[in-house]
Amino acid sequence: MKFEFTNDFQEEILVVVVQDKKGGRLLDKLDDSYFDLTDHAVIAKALKSFQKEYKRVPSETLLKERLKDIYETRELAEDLTNKDRKRITKLASNLFHRKIKHPDIIIKQAMNFRAYVDLSDVITNTDLTDYQGYEPFARKVRKAIQTDEEEVRYRPAFLIKDVRDRQVRRTGDNPIIPTP
């Protein structure tokens, strides 16, 4: 499924990913196949592969290096001309120099689109007439529309066994010895 946003908005998503500290979360949620333009999809693929390996968003130089590696993959080596590669590299460089406006709105819209894709997949792949499948269906729907903030909010607070034991020992052992 492709984005239902304009190409400019899709480019803004990439700008938010490389410049905003919360934008890196989008890489886990978005697939490079969502982008309409090949240029955007290749950059998204490079960003995702870098984040998968290093657990962070690359700098401009590192993104260009990752793009060189992506260009040599079997699926893109024959499809992209040198002109395409130069255009994509220039676009990737420009992402780092553009001013971002309203990153929160862009992140929210992109996350809503991801929820829409997940929900439509759940609905199309489920037999709604099967009564026994209601509970798994409800769980899948809940998971599809759940945002990151809700995920964090409902995460249970618990102590790990060793931490709990140390805290109990700390309160029981009084290291202060009274002296006259």
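I take buried to mean under 20% relative accessible area, exposed over 50%, and partly exposed in between, with a 1.4 Å probe and protein chains only. The model is predicted, so I use local features only at pLDDT of at least 70 and side-chain atom pairs only at pLDDT 80 or more, while totals for chains, interfaces and linings use all residues. Residues are numbered from 1 along each chain as its sequence is written, and side-chain values use heavy atoms, with hydrogens and water left out.

**Entry 1: overall.** I counted 10 helices and 0 strands in the protein; helices (H or I, at least four residues) and strands (E, at least two) are DSSP runs, numbered from the N terminus. Of the 180 residues, 33% count as buried.

**Entry 2: helix α3.** I checked its length: α3 has 17 residues and reaches 24 Å from first C-alpha to last, close to the 24 Å expected at 1.5 Å a residue. The expected span is 1.5 Å times one less than the number of residues. I listed its buried residues as D39, H40, A41, V42, I43, A44, A46, L47, F50 and Q51. They pack against α1 (7-19), α2 (24-29), α4 (60-71), α5 (74-77) and α6 (82-95). Just after α3, I noted a positive phi of about 60° at K55.

**Entry 3: H40.** I picked H40 from α3 (residues 38-54). H40 counts as buried because its relative accessibility is 1%. Leaving out residues up to four places away in sequence, I found H40 touching N7, Q10, E11, L14, F35 and L91. With E11, the H40 side chain makes a side-chain polar contact of 3.4 Å; such a contact is a pair of N or O atoms within 3.5 Å, where within protein one must be able to donate a hydrogen and the other to accept it, and residues adjacent in sequence count only if both atoms are side-chain atoms.

**Entry 4: helix α8.** I looked up the buried residues of α8 and found F137, A138 and A144. They lie on the same side of α8, because they cover an arc of only 125° around the axis; the arc is that of the directions from the helix axis to the C-beta atoms. What covers them includes α7 (103-124). On the other side of α8, I found E135, R142 and K143 exposed.

Conventions. Contact means heavy atoms within 4.5 Å.
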